[in-house]
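Reader: Hi! I'm new to this one, could you walk me through it?
Author: Happy to, let's take a look together.
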Amino acid sequence: MRRVFAVTALAGLLLAGSGCADRGDDPFSVGFASPAPAATSPIPAPTATGDAGVCARAKQSGSAAVQTYVAKLAEMLRSGATGDRSAEKAAQRDAEAALAGWRDVLREQSRKATDPGLRTLLADLATEVAGLGTDVRAIDETEFDRLQQRLDQLCPA
């Protein structure tokens, strides 16, 4: 039962900003306090850093990864509670894959960023995401939230 509460707390942490975000017509939109542009946006909006494409890609990948990660963690815990070890391990692998994909995109965008502050921030976020794993007790929510707030400042919309 403690694990269910831990996932609920994790979901709350990762989705904290989404309640304030303009979610449009998507009630299941999760991720960052400032919504990511649609994947089909022709021209990314200007940002404080001037790295509009980098910001858009970082936010899009984060939003998708967080949705997958939270869903797979919940699936992992449900499977574990019912004793389905095979499904539990599969969900764990999927959650870890979502994080690895997000980390890779953050690293890639960090290399592409022209603004030194954004470059450093994305590298820091990649490091934080790489350390998340599927142990909900090990997440440093304070550091992750601080980095997320910095991303929202550098990439306002």
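Author: One term to start with: contact means heavy atoms within 4.5 Å. Leaving aside neighbours within four places in sequence, Leu125 is in contact with Leu106, Leu147, Gln148 and Leu151.

Reader: Thanks! What should I know about the model and its numbering?
Author: This is a predicted model, where local features need pLDDT of at least 70, side-chain atom pairs count only at pLDDT 80 or more, and totals for chains, interfaces and linings use all residues. Residues are numbered from 1 along each chain as its sequence is written, and side-chain values use heavy atoms, with hydrogens and water left out.

Reader: Got it. How many helices and strands does the chain have?
Author: Five helices and zero strands. Helices (H or I, at least four residues) and strands (E, at least two) are DSSP runs, numbered from the N terminus.

Reader: And how do α3 and α4 cross?
Author: Their axes come within 8 Å and cross at roughly 165 degrees. That makes α3 roughly antiparallel to α4. Axes are lines fitted to C-alpha atoms, for helices over the stretch in contact, and angles run from 0 to 180 degrees between N-to-C directions. Angles under 35 degrees count as roughly parallel, over 145 as roughly antiparallel, 65 to 115 as roughly perpendicular and the rest as oblique.

Reader: Which residues meet there?
Author: Among them, Leu99, Trp102 and Leu106 in α3, and Leu122, Leu125 and Val129 in α4.

Reader: Switching topic, how much of the chain is buried?
Author: Buried residues make up 38% of its 157 residues. Buried means under 20% relative accessible area, exposed over 50%, partly exposed in between (1.4 Å probe, protein chains only).
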